[in-house]
Amino acid sequence: MTALLTACGFDSAVTLAMNVRYWPSTSLLRRSAAHVPLRHDGVPGQVETILDVEIPGTDLAGAVTLETTIVLATGSGGSDPFVAFRPGSVLWRDQTSIRLEGNAGLLPVAPVSFKNQGLPERAAWYVSVDSAEWSSAAMGNLLVLLNDDNEQVNEAVRKPNDPKAAVLWDALTVDVVYDLVGRALEDDEFPSEEETTDRDGEVTTAALVHGLIRAFLRLPNESLADAIDRLREERRRDPSRLRAAVQSSLLFPGGRTP
């Protein structure tokens with residue numbers, strides 16, 4: 001600690017503090033996890049400070065970045081123009097990112113009571129996505145709500161490898177693809193591939209839709225733009241045909257791989 005004070009041009013009367021902030025890759029909002037004054041009391045050598053913080057699970061998604069900074073807690077009062085004097089001045093910073101969801105694609109789901117949420121009580125699931133936020137990270141914008149009041153859904157969650165559950169999850173896959181692609185086709189402002197860029201390393205909602213169309217609905221030798229134009233026209237003429245095309249591409253039912 002003494003070495004840090006000396007390197008920064010401070011005397012022993014200056015007080016420092018350690019700040020810890022965090023933010024998920026699905027949000028630009030920074031949240032404070034800890035603010036701890038650092039005591040040195042003139043002790044030479046290293047000073048060890050161990051922080052134990054708890055981050056709410058609702059704030060975690062994708063990759064979480066932890067930022068640790070040492071800041072000036074009280075003004076130095078010095079006259080040297082090259083020495084920090086304002087409280088809050090950052091003297092040292094370290095960042096590390098932790099990917100919570102691995103590298104594979106995950107479908108974000110949440111079990112809820114549809115009765116309590118005002119959703120159709122006997123439904124199996126509800127695909128929630130904000131089609132006005134195509135540029136936002138897909139894993140933060142897309143959420144599948146599973147009806148906790150539906151016994152068949154609960155049984156499928158408890159026994160995901162059961163043949164009956166497999167049919168249910170196949171149907172959910174069809175619904176997710178159909179809903180996402182359908183919403184994009186209905187939106188004349190849906191961004192093209194050239195207008196879509198990943199956000200902080202995370203796949204955007206628009207990029208996810210582009211990937212679904214490219215993987216399941218594009219014809220051989222057809223460009224992505226031409227596929228979107230064709231599917232949009234087909235949906236306007238016959239919405240059921242798009243659902244049938246999704247079912248065919250996903251080999252529904254029975255298309256899931258163990």
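Student: How many salt bridges does the structure hold, and what counts as a salt bridge?

Tutor: A salt bridge is a side-chain nitrogen of Lys or Arg within 4 Å of a carboxyl oxygen of Asp or Glu. The structure holds 12 of them. This is a predicted model, in which local features need pLDDT of at least 70 and side-chain atom pairs count only at pLDDT 80 or more, while totals for chains, interfaces and linings use all residues. Residues are numbered from 1 along each chain as its sequence is written, and side-chain values use heavy atoms, with hydrogens and water left out.

Student: Which residue forms a salt bridge with Arg 21?

Tutor: Glu 67 does, with the closest N and O atoms 2.8 Å apart. The two lie in distant parts of the chain, 46 residues apart: Glu 67 in strand β3 (residues 63-72) and Arg 21 in strand β1 (residues 16-24). Helices (H or I, at least four residues) and strands (E, at least two) are DSSP runs, numbered from the N terminus. Glu 67 also meets Arg 93 in a salt bridge, at 3.0 Å from N to O. That pair again links distant parts of the chain, since Arg 93 sits in strand β4 (residues 90-99), 26 residues from Glu 67.

Student: Is Glu 67 buried or exposed?

Tutor: Buried means under 20% relative accessible area, exposed over 50%, and partly exposed in between (1.4 Å probe, protein chains only). Glu 67 is buried, at 5%.

Student: Why do the buried residues of α4 line one face of the helix?

Tutor: An α-helix has 3.6 residues a turn, so residues three or four places apart point the same way. In helix α4 (residues 151-158) the buried residues are Val 153, Asn 154 and Ala 156. Seen down the axis, they fall within an arc of 160°, so they line one face; the arc is that of the directions from the helix axis to the C-beta atoms. The face turned away from the buried side carries the exposed residues Gln 152 and Arg 158.

Student: What do the buried residues of α4 pack against?

Tutor: They pack against β7 (142-147) and α5 (163-186), where contact means heavy atoms within 4.5 Å. At the start of α4, a side-chain oxygen of Asn 150 reaches to within 2.9 Å of the backbone nitrogen of Gln 152. Such a polar contact is a pair of N or O atoms within 3.5 Å; within protein, one must be able to donate a hydrogen and the other to accept it, and residues adjacent in sequence count only if both atoms are side-chain atoms.

Student: Which side chain of opposite charge is nearest to Arg 232?

Tutor: For charge, Lys and Arg count as positive and Asp and Glu as negative; His and the chain ends are not counted. Arg 232 is in helix α7 (residues 224-237). It is buried yet has no salt bridge, and the nearest side chain of opposite charge is Asp 229, 4.3 Å away. A polar atom of the Arg 232 side chain does lie 3.4 Å from the backbone oxygen of Asp 187. Not counting residues up to four places away in sequence, Arg 232 touches Ala 184, Leu 185, Asp 187, Asp 188 and Phe 190.

Student: Which residues of the largest nonpolar core touch the most other members?

Tutor: A nonpolar core is a set of buried Ala, Val, Leu, Ile, Met, Phe, Trp, Tyr and Cys residues joined through side-chain atoms within 4.5 Å. The largest has 33 residues, and Val 181, Val 209 and Ile 213 touch the most other members. α5 gives the most to this core, with 11 residues. Leaving aside neighbours within four places in sequence, Val 181 is in contact with Val 209, Leu 212, Ile 213 and Leu 217. A second, separate core of 9 residues includes Leu 16, Met 18, Leu 38 and Val 83.
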